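Could you walk me through this protein, starting with how its strands pair and ending with what lies inside?

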Amino acid sequence: MKRVSLALLAWLVLVPAALAADRKPTEEEKAKIKQALDSVSCELGVIEVKDYGYRVISASCEGRGSWVVKLDQSFQVISRKRDD
């Protein structure tokens, strides 16, 4: 019984995160992400939906190469680093 409960708990925790990562961002989410990127002088790249929020890869920031920008679920930029 204990093993079944532990397996069920693990499944309940892991499956929603995996399902969220498979979906495409909506047009409304894209607009909010673009607005957040504009606030840190970045242009839109490829958007990935993650369990913590969003990740934009190949974003162009301040005209200096390719960057990875992470945003939380409230569309606040939480990190920005070069995509080398």
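Two strands count as paired if DSSP finds at least two bridges between them. With that in hand, take strands E4 and E5 in this predicted model: five bridges join E4 to E5, and the two strands run antiparallel. One place to look is Lys70, which lies in strand E4 and stands opposite Ser79 in E5. The two strands form a hairpin with four residues between them, and in this hairpin Phe75 has a positive phi near 65°.

Let's stay with Lys70 for a moment. Its relative accessibility is 26%, so Lys70 counts as partly exposed. Setting aside residues up to four places away in sequence, Lys70 touches Tyr52, Tyr54, Arg55, Gln76, Val77, Ile78 and Ser79.

Now step back to the whole protein. Its secondary structure comes to two helices and five strands, and from the N terminus on the elements run α-α-β-β-β-β-β. Buried residues make up 21% of the 84 residues. The accessible surface comes to about 6000 Å², and 57% of that belongs to carbon and sulfur atoms. Among the contacts with a separation of 6 or more, 20% come from residues 24 or more positions apart.

Next, follow helix H2, which takes in residues 27–39. At 1.5 Å a residue, its 13 residues should span 18 Å, and the C-alpha atoms at its ends are 19 Å apart, which agrees. Which residues of H2 are buried? They are Glu29, Ile33, Ala36 and Leu37. These residues cover an arc of only 100° around the axis, and therefore they sit on the same side of H2. On the other side of H2, Glu27, Glu28, Gln35 and Ser39 are exposed.

What covers the buried residues of H2? The cover includes strands E1 (42–43), E2 (46–49), E3 (53–61), E4 (66–72) and E5 (77–82). After the helix comes Ser41, whose phi is positive, near 60°.

This brings us to the inside of the protein. The largest nonpolar core has 14 residues, and those with the most contacts inside it are Ile33, Leu37, Tyr54, Val56, Val69 and Leu71. The elements that give two or more residues to this core are H2, E2, E3 and E4. E3 gives the most, with four residues.

Leaving aside its neighbours within four places in sequence, Leu71 is in contact with Ile33, Ala36, Tyr52, Gly53, Tyr54, Val56, Gln76, Val77 and Ile78. Two of the names in that list, Ile33 and Ala36, are also buried residues of H2.

Our last stop is Cys61, whose place is in strand E3. Is Cys61 buried or exposed? Its relative accessibility is 0%, so Cys61 counts as buried. Apart from neighbours within four places in sequence, Cys61 is in contact with Ser41, Cys42, Trp67, Val69 and Arg80. The Ser41 in this list is the residue with positive phi that follows H2. Finally, Cys61 and Leu44 are 17 residues apart along the chain, and their C-alpha atoms are separated by 9.1 Å.

Conventions
Residues numbered from 1 in each chain as written. Predicted model: local features only at pLDDT ≥ 70, side-chain atom pairs only at ≥ 80, totals over all residues. Heavy atoms only, no water. Expected span 1.5 Å × (residues − 1). Buried < 20%, exposed > 50% of the residue type's maximum accessible area, 1.4 Å probe, protein only. Arc of directions from axis to C-beta. Contact = heavy atoms within 4.5 Å. Areas by Shrake-Rupley, 256 points an atom, 1.4 Å probe, with all protein chains shown as cover. Core = buried A, V, L, I, M, F, W, Y, C linked by side-chain atoms within 4.5 Å.
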